[in-house]
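Here is a short note for a colleague who is coming to this structure for the first time. The points below may be read in order, with the sequence and the model at hand.

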Amino acid sequence: MWFPFPSDSPEDQTTHNSMVEDCYQCLLAIGATQPGRTQLIARDSVPVLCQAVIKKMYGYAQAMQIMRQLLVEHGRELWNKHGDALTQLLTAMAKEFTDADDISKFVLCEDLGLLLSGRDKDAGDFLHYNWAEDVLNGLLDILGSYIGPEQRNPALELASLMLDHLSPEQRNLALELASLMLDHLSQEQRNPALELASLMLDHLSPEQRNPALELASLMLDHLSPEQRNPALELASLMLDHLGIEWAMSCNVKFVLLLVNLACVEVRMVLEDPDIKQVFLKSSLMSACYNILESAIMFASVTPDLPLDPKQIEQFVESLQGAYVGVTFFLAQVAQQPQDTWSHPLVTASVRVLGAWLAEETSALREEVYRILPFLIKLGSLSLDDPEDQSKVAAGVSSLSEGMEELDLHTEPGKERYLPKSGVLSFLLPGLCHLTAETRPRTILMQAQVHQVLARCLQLHLSSFLSTKAHQSEMALRTLCGIFLNLLVLSPEQVTSDPTVAGLLHRIMGAVPQLGCPEHTVLLANFVVLCLMQARHVTDLQETEVTRQFFSTAVEFLGGAYHVTRGGEQQHLSVSPAYTPHWDSISELWFLGMQALVSCIPQLPWLPGIFLETGLLKNVVALLQDIPGGEFDLDTVDLYQNMVVEVAKHDGRCQQWLQQNGGLEVARSLGMEELLQCLLSAQS
């Protein structure tokens with residue numbers, strides 16, 4: 001029906017067109033139902049529909065409407081089955097998008113966002129992606145013009161999508177043109193609202209800046225949301241597919257434009273006191289959050305940002321303004337009924353806040369502290385989910401390898417799940433920073449954060465032991481860092497809690513299972529965490545679990561160093577098995593050795609393990625080499641203290657030291673306490 005009718009007579013053409021219209025009406029009705037859409041896909045209607053749109057055949061607008069029906073419900077399936085046809089459609093639509101100079105540009109912007117949302121990210125050759133350059137040209141027309149939110153938002157969302165589709169090497173070509181175009185636009189072509197915001201940000205204090213942002217937002221409100229939002233969503237999709245790193249290094253102005261627009265939009269939307277109206281803009285907020293998280297991620301991994309001081313100041317202050325909006329929104333949600341807390345936008349807001357807290361805890365202190373109890377309560381509820389913490393959720397697309405993807409562009413009927421520990425996973429890096437500071441740690445402890453985190457750790461531990469999943473391992477490392485902060489800085493409340501005590505026993509049982517070299521960092525974290533907890537337990541009994549743990553801990557800590565000879569000097573060197581991980585575990589090793597030594601006086605059965613594992617023999621041999629070599633004194637002190645403590649608290653160790661060079665070591669190194677202990681034992 002989409003092929004040209006063979007006759008040229010007007011009557012036959014009219015008949016043909018009428019038949020085509022009838023066919024389209026039937027197909028639209030079929031596409032309105034789930035079984036109908038399934039049949040359209042199964043019968044390979046998609047390539048024909050794409051060709052009808054591309055070649056502008058009679059009724060192509062209705063063909064595009066059918067494609068919208070299919071893409072909304074089955075976008076990923078369509079790309080998997082008909083990728084070539086959809087790529088041809090994408091290429092044609094992108095060319096039309098960049099050429100359009102009327103209202104159709106904004107319709108195409110929305111359609112491109114819908115088309116891209118189902119496409120898998122890849123790292124193909126950018127030279128094969130003519131659509132990428134065309135989309136960016138079209139976005140530049142929108143984002144660099146004097147338009148309102150209804151036109152600009154879809155463009156920002158398309159840019160975010162595009163930036164996530166291609167590899168870093170491909171972004172240069174895509175964004176160089178955008179940079180050149182931005183450089184050649186006149187001031188009259190630039191967005192007056194952004195110019196005003198930039199000017200005010202450069203010259204006013206934070207207290208004076210807010211009215212400027214409000215005025216800028218008013219100047220953005222010339223068009224309806226239906227025109228602006230698709231632009232932001234398309235920008236977000238572009239960001240997903242092309243990334244921001246190279247965009248920032250090669251196209252500072254373009255990226256600053258995206259970030260500024262997203263930040264202004266976030267604050268405008270989230271500071272609306274009517275929370276129902278905020279929820280209605282969840283898709284737009286997801287796109288803006290994606291842009292924010294991309295910007296934060298790039299800034300955190302780039303040593304020297306390609307920005308001048310004023311641009312850096314504007315960049316940071318724009319982000320801070322956006323996060324004022326995020327914290328305001330979450331504070332509003334905290335006052336709502338709990339059934340509101342599971343809304344996808346709340347999940348996405350916690351995630352984007354977690355991205356900020358992972359890198360920055362000094363700014364917006366009061367705003368963050370105010371919502372900490374709510375965040376912990378929300379995290380606790382996500383752990384209580386009866387569906388194994390797999391509630392349906394949505395949020396910004398993942399830019400961190402340690403997190404599962406959440407996406408507000410999820411196809412209807414398709415579930416996206418939270419990570420194993422729910423929204424708490426998004427907050428873990430930030431909590432590691434916050435628990436190191438007195439005031440937030442006090443607030444968190446009052447919210448019983450240690451109990452919530454203990455349950456979180458047990459979830460990830462169970463997952464890791466069964467799957468060895470990298471995500472769970474990274475979460476466990478971060479959780480260990482949080483608990484170490486609490487054990488060092490607030491030991492009384494943590495060590496007396498039964499939940500944490502049960503966690504200690506569980507981790508002790510898991511430690512002997514982590515013998516693989518690839519898990520060395522996690523093993524170090526577990527060993528040190530258990531030792532830091534054990535030193536506060538005065539009645540820790542000798543059981544099979546505790547004995548196996550301490551045997552593993554003693555062997556692990558004792559095997560970190562060995563003596564090597566370089567020329568005529570001997571040196572204390574890190575053992576080869578530990579070298580690849582030493583930057584990550586060196587501080588843990590020192591802390592673990594100190595904790596192990598402090599456990600000796602209160603665990604009478606522990607010194608025997610030093611003999612059984614051969615550690616005492618190895619340490620004495622190491623100390624015997626010290627007078628003729630160059631050694632780190634702090635490390636030597638740790639070994640000396642260990643020998644002294646086992647000698648003081650165990651008769652077998654005393655006897656062994658007397659018979660195997662302990663007296664000689666004590667005399668040569670001036671270890672008076674060890675010498676007196678061994679001599680008194682002889683007498």
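Predicted model: local features only at pLDDT ≥ 70, side-chain atom pairs only at ≥ 80, totals over all residues.

1. The axes of H18, which covers residues 344-357, and of H19, which covers residues 365-383, come within 13 Å and cross at roughly 125°. Because angles of 65 to 115 degrees count as roughly perpendicular and those over 145 as roughly antiparallel, H18 and H19 are therefore described as oblique to each other.

2. Is Thr327 buried or exposed? Its relative accessibility is 4%, so Thr327 counts as buried. A polar atom of the Thr327 side chain lies 3.0 Å from the backbone oxygen of Val324.

3. H17 also packs against H14 (residues 252-270), with the two axes 8 Å apart and an angle of about 25° between them. Since angles under 35 degrees count as roughly parallel, H14 and H17 are therefore roughly parallel to each other. H14 passes H17 in a left-handed crossing, and by class this contact has 13 nonpolar, six polar and one charged residues. Among the H14 residues that take part are Leu256, Asn260, Cys263 and Arg267, and the H17 residues that they and others meet include Phe315, Ser318, Ala322, Val324 and Phe329.

4. Helix H21, residues 438-446, has Pro440, Arg441, Ile443, Leu444 and Met445 as its buried residues. What covers these residues includes H19, together with H20, H22, H23 and H24. Just after H21, Gln448 takes a positive phi of about 60°.

5. Asp44, although it is not a glycine, has a positive phi of about 60°, and it lies in the loop between H2 and H3. Lys468, in the loop between H22 and H23, has a positive phi of about 55° and is likewise not a glycine. Asp44 is partly exposed, with a relative accessible area of 39%, and Lys468 is partly exposed, with a value of 35%.

6. Glu612 lies in helix H29, which covers residues 607-612. The side chain of Glu612 makes a polar contact with that of Arg547, at 2.6 Å. The C-alpha atom of Glu612 is also separated by 8.5 Å from that of Ser551, although the two residues are 61 residues apart along the chain.

7. For the protein as a whole, there are 34 helices and three strands, and buried residues make up 54% of its 683 residues. Among contacts with a separation of 6 or more, 77% are accounted for by residues 24 or more positions apart.

Methods
Residues numbered from 1 in each chain as written. Heavy atoms only, no water. Axes fitted to C-alpha atoms, helices over the stretch in contact; angles between N-to-C directions. Helix = DSSP H or I, 4+ residues; strand = E, 2+ residues; numbered from the N terminus. Buried < 20%, exposed > 50% of the residue type's maximum accessible area, 1.4 Å probe, protein only. Polar contact = N/O pair within 3.5 Å; in protein donor to acceptor, adjacent residues only side chain to side chain. Contact = heavy atoms within 4.5 Å. Left-handed = near helix turned anticlockwise from the far one by under 90°. Nonpolar A, V, L, I, M, F, W, Y, C, P; charged D, E, K, R; others polar.
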